[in-house]
Amino acid sequence: DRDRDRDRDRDRDRHRNRRHEDHHRDRDRNRDSYRERKDRARDQSSERDGESQGAEKQPATGAAQEGPTAVPDFSFTAAQVAERLVEVFSTKSKLRSSQLLECFHAEEFVVISAEDDQDILAEGKEELDLHCRKVQPWKAEAAKRIYLESDKDDDPTFALDFYCGGLSPGFGSDGLMTMSPEKRSIWVLYRVNKNQINKVWVGLDSEGIAKNADVDDETAYASSAFMTALDFAVRPGGLTGSSIQKHYNNYAKIEVWG
């Protein structure tokens, strides 16, 4: 009996360690992929600038030339952009303001209350610019995340993040939080199109999804927060494909060993 108990404990520990490694690997993969694609985009931009300068000296041939308005051949998902936002928000870098702005499409930027989708909490380039320049840094971290995408390439992607009180990256139930974080747990739905966040919905986490470390995917998908977010995601300008895929990550379940 003791040997069986010891074997069960060893198997349970091995399973926990594997789950711990998988969660970290997923999060690191998102961050690394974002950085790699960002570097590649910067390199391609430099190449296009060089080609553009060369084109000024040579007459154009029959083939269409790649210009500064060309569509990039890479795409960041909402999960990657949301993770990048959290990462940049938590730093004190001198480049923090500009890096925060890079996460958003300033001209289309809008923050909407999930309680009343007619209630616009923040909007426009001017308000976003001011927020990114003035917002104080504090630790930001998602406890749970549900990623949504469709089978249609042109559709935006969505990330539904659940934040414990004090850990949201500058969003609160009243809009943009500049001097101090939202003290209550909230959920934030990000819509990402062409690699940038252009629309945000914010709601109170009244079901306690963020704080509850034991929330599994079935519980998360059955929550009113997810149902509300899904309704927003399939409205005009959202997911229009014939099928929708959802992916759940419980970061609160990660256990630290050693």
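Two strands count as paired here if DSSP finds at least two bridges between them. Keep that in mind for the first contact. Ser-113 stands opposite Val-202 in S8. Strand S1, residues 110-113, and strand S8, residues 196-204, pair in the parallel sense over 3 bridges. One caution before I go on. This is a predicted model.

Now the whole sheet. It is open and has 7 strands. The order is S2-S1-S8-S7-S4-S3-S9. The pairing is mixed. Which strands sit at the edges? Strand S2, at 120-123, and strand S9, at 244-250. Each of those pairs on one side only. From one strand to the next, the twist averages 15°.

Let's move to S3. It pairs with S4 in the antiparallel sense, over 5 bridges. Tyr-147 stands opposite Ala-159 in S4. S3 and S4 form a hairpin, with 6 residues between them. On to the pairing of S3 with S9. That one is antiparallel too, over 7 bridges. There, Ile-146 stands opposite Tyr-248 in S9. Is S3 mostly covered or mostly open? Mostly covered: 6 of its 7 residues are buried.

Asp-153 is found in the loop between S3 and S4. Asp-153 is exposed, with a relative accessible area of 77%. The cut-off for exposed is over 50%, so Asp-153 qualifies. Now take Thr-240. Asp-153 and Thr-240 are 87 residues apart in sequence. In space, their C-alpha atoms are 10.0 Å apart.

What lies across the sheet strands? Helix H6, residues 224-233. It lies across S3 (144-150), S4 (157-163), S7 (186-193), S8 and S9. Its angle to S7 is about 25°.

Next, the cores. In soluble globular proteins, nonpolar side chains tend to be buried together. In this model the largest nonpolar core has 37 residues. Which members touch the most other members? Val-111, Phe-171, Tyr-190 and Val-200. Helix H2 (78-89), S2, helix H4 (125-134), S4, S7 and S8 each supply at least two residues. H2 gives the most, with 8 residues. There is also a second, separate core, of 25 residues. Its members include Phe-162, Cys-164, Trp-201 and Ala-225.

Look at Phe-171 on your screens. Leave out residues up to four places away in sequence. Phe-171 then touches, among others, Leu-85, Phe-104 and Val-111. The list also includes Ile-186, Val-188, Tyr-190, Val-200 and Val-202. Glu-182 is on that list as well. We will meet Glu-182 again in a minute.

Last topic: charges. Side chains of opposite charge can pair when their charged atoms come close. A search of the whole structure finds 8 salt bridges.

First, Asp-161 with Arg-145. Their closest N and O atoms are 2.7 Å apart. Why call this pair a tie between parts of the chain? Asp-161 lies in strand S4 and Arg-145 in strand S3, so the pair ties together parts that are 16 residues apart in sequence. Are these two buried or exposed? Asp-161 is buried, at a relative accessible area of 0%. Arg-145 is buried as well, at 1%. Glu-83 joins in: Glu-83, Arg-145 and Asp-161 are linked in a network of salt bridges.

Next, Glu-182 with Arg-184. The closest N and O atoms here are 3.2 Å apart. Glu-182 is buried, with a relative accessible area of 7%. Arg-184 is partly exposed, at 44%. And recall that Glu-182 is among the residues Phe-171 touches.

Then Lys-139 with Glu-141. Their side chains meet in a salt bridge of 3.9 Å, N to O. The cut-off is within 4 Å, so this pair counts. Lys-139 is exposed, with a relative accessible area of 55%. Glu-141 is partly exposed, at 30%.

To recap, then. The sheet is open, with 7 strands and mixed pairing. The largest nonpolar core has 37 residues, and a second, separate core has 25. Arg-145 and Asp-161 are linked with Glu-83 in a network of salt bridges. That's the tour.

Methods. Residues are numbered from 1 along each chain as its sequence is written. This is a predicted model: local features need pLDDT of at least 70, side-chain atom pairs count only at pLDDT 80 or more; totals for chains, interfaces and linings use all residues. Side-chain values use heavy atoms; hydrogens and water are left out. Helices (H or I, at least four residues) and strands (E, at least two) are DSSP runs, numbered from the N terminus. Axes are lines fitted to C-alpha atoms, for helices over the stretch in contact, and angles run from 0 to 180 degrees between N-to-C directions. Contact means heavy atoms within 4.5 Å. Buried means under 20% relative accessible area, exposed over 50%, partly exposed in between (1.4 Å probe, protein chains only). A nonpolar core is a set of buried Ala, Val, Leu, Ile, Met, Phe, Trp, Tyr and Cys residues joined through side-chain atoms within 4.5 Å.
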